[in-house]
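Please look over the structure below and follow the report alongside it. Individual residues come before the wider view of one chain.

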Amino acid sequence: MSDFFGQGGYAGYVLPAYAISAFALALLVVWTLGAYRKAKARLKNIGAP
Amino acid sequence: MSFLFEFANPKRFMELSGALLPWLATAAALALIAGLVLGFGTPPDYQQGDTVRIMFVHVPAAWIAMMAYGLMALASIVGLVNRHPLADLAAACAAPLGAVFTALGLVTGSLWGKPMWGAWWVWDGRLTSFLLLLFLYLGYIALRGAFDDETRAARAAAILAIVGAVNLPIIEFSVQWWTTLHQGESILRKGGPAIAPVFLWPLLFMALGYTFLFFTLWMLRMRTAILDRRARTLMLRGAQ
Amino acid sequence: MNARKRRRLAFVTAILLGGAGAAALVVAALKDNVLYFYSPSDVYAKHVAAGVAFRIGGLVEKHSVHKGRGTEIRFAVTDGQKDVPVDFKGVLPALFREGQGVVAAGRLNSSGLFEADQVLAKHDEKYMPPEVVDALKRSGHWKGGG
């Protein structure tokens, strides 16, 4: 575990690279899914077949 | 009659993508988990130490950024030439995704460049042409938003996407054409990959995961756009 | 293929060719400006004047590194043909070592010494665990530096 948080002294670069990637991709997923659900709900409200 | 024909394709797309989506999303999750487990289990690189792990998020992001642009340009060509109703939608839906992957490629590259090269950023051929890719995506998105008329927006944006595709080979070959601080090609290189298998496997799994994730999100955005358009059509019809 | 579609295809081909042509012209016009650094051989061949800012790149020549007072350091950059002495005062990147790729930004002084304001490390495209490198060195198959 200390290995993981140490990253051979480069933790300050390695972990942010992963954290930023994970955060951005997670946000992208949430945003995309949110828009999709909203579109589905709107269509339902209009009373589409 | 032509209306029916146009509606048929998005309908078929909805069926097909609906069946494919759960599989794609699962594949993305599995590949990413495998990539992360393998990636944090590697030994450090002989020169770059543990920063080699940044490669597993940097390289896939850069690959997808370029692939997404290629797909966007292809869809733009089909949209412009064939006037296929789905093609323009596909191009428009790829742009914001491509922009995010491009930004991730830039940020993770910066976090790798500082400890290894000694600089967050340099204006060499590779980095500069890749920054141009981000501006092309942003320009595409801005151009689409600048027109009230959707057909005109699509046409103008498609032309930008196609002209900008010239930047893709420039990014790819920049490290061969010019002297750059960015190193040369590691995988598609004469004499085979220069990456030890222990680093190559996590890279391939992460790249697969990013690819599946991109296609999952792309399909979802296209489905959203189709549903929105259907809702608009129904509202217009109801208002009449 | 009907006439309209053919016309649109011609239009797309034209913008693709136009874009590629324009890019080729820009790239050709930029030529040397796009180069991030010059090799020591380039520096000799071009007779770069003293005081002109540019970047020099190559390998840190083996046994050429001499530490001065404080953070001052002197080393030679080589491309195997020619070498240029470099003087630098400041923070070196972690990858800086003899036999390793390096890019220095600065200018030549009147006696041909390159006075660098910044030294960056350039690594190659090879990625290997240390054990593999040791094994390669033991078996005599190691071709890299460092």
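## C:R8 at a chain boundary

C:R8 is buried, because its relative accessibility is 16% and the cut-off for buried is under 20%. The model is predicted, and this value is computed from it. C:R8 belongs to helix α1 of chain C, which covers residues 3-34.

Which residues does C:R8 contact, once neighbours within four places in sequence are set aside? They are B:L80, B:V81, B:N82 and B:R83. The listed partners are in chain B, while C:R8 itself is in chain C.

B:R83, one of the contacts of C:R8, has a phi near 55°. That is a positive value in a residue other than glycine. Most residues other than glycine have a negative phi. B:R83 sits in the loop that links α2 (55-82) to α3 in chain B. Its relative accessible area is 34%, so B:R83 is partly exposed.

C:H47 also has a positive phi, about 50°, and is not a glycine. Its loop runs between α2 (40-46) and β1 (53-60) of chain C. Is C:H47 buried or exposed? C:H47 counts as exposed, because its relative accessibility is 67% and the cut-off for exposed is over 50%.

## B:T108 inside a helix

B:T108 lies in helix α3 of chain B, residues 85-116. Its relative accessibility is 0%, so B:T108 counts as buried.

The side chain of B:T108 makes polar contacts with backbone oxygens. One is the oxygen of B:L104, at 2.7 Å. Another is the oxygen of B:G105, at 3.3 Å. Beyond its neighbours within four places in sequence, B:T108 touches residues of chains A and B. From chain A come A:A17 and A:S21. From chain B come B:I54, B:V57 and B:H58.

## C:T78 at a strand end

C:T78 is in strand β3 of chain C, which spans residues 72-78. With a relative accessible area of 12%, C:T78 is buried. A polar atom of its side chain lies 3.0 Å from the backbone nitrogen of C:G80.

Which residues are in contact with C:T78, leaving aside neighbours within four places in sequence? They are C:P40, C:G58, C:L59, C:E61 and C:D83.

## Chain C as a whole

Chain C holds three helices and six strands. From the N terminus, the order is α-α-β-β-β-β-β-β-α. Its C-alpha trace spans about 75 × 45 × 25 Å along the principal axes. The radius of gyration is 23 Å, whereas a compact globule of 146 residues would have one near 15 Å.

Of the 146 residues in chain C, 36% count as buried. Chain C exposes about 8400 Å², with carbon and sulfur atoms supplying 56% of that area. Among contacts with a separation of 6 or more, 48% join residues 24 or more positions apart.

Chain C carries 21 positive and 14 negative side chains. The centres of the two sets are 14 Å apart.

Conventions
Residues numbered from 1 in each chain as written. Chains lettered and ligands numbered in written order. Predicted model: local features only at pLDDT ≥ 70, side-chain atom pairs only at ≥ 80, totals over all residues. Heavy atoms only, no water. Helix = DSSP H or I, 4+ residues; strand = E, 2+ residues; numbered from the N terminus. Rg over C-alpha atoms; globule rule 2.2 N^0.38 Å. Buried < 20%, exposed > 50% of the residue type's maximum accessible area, 1.4 Å probe, protein only. Contact = heavy atoms within 4.5 Å. Areas by Shrake-Rupley, 256 points an atom, 1.4 Å probe, with all protein chains shown as cover. Lys, Arg positive; Asp, Glu negative; His and termini not counted. Charge placed at Lys NZ, Arg CZ, Asp CG, Glu CD. Polar contact = N/O pair within 3.5 Å; in protein donor to acceptor, adjacent residues only side chain to side chain.
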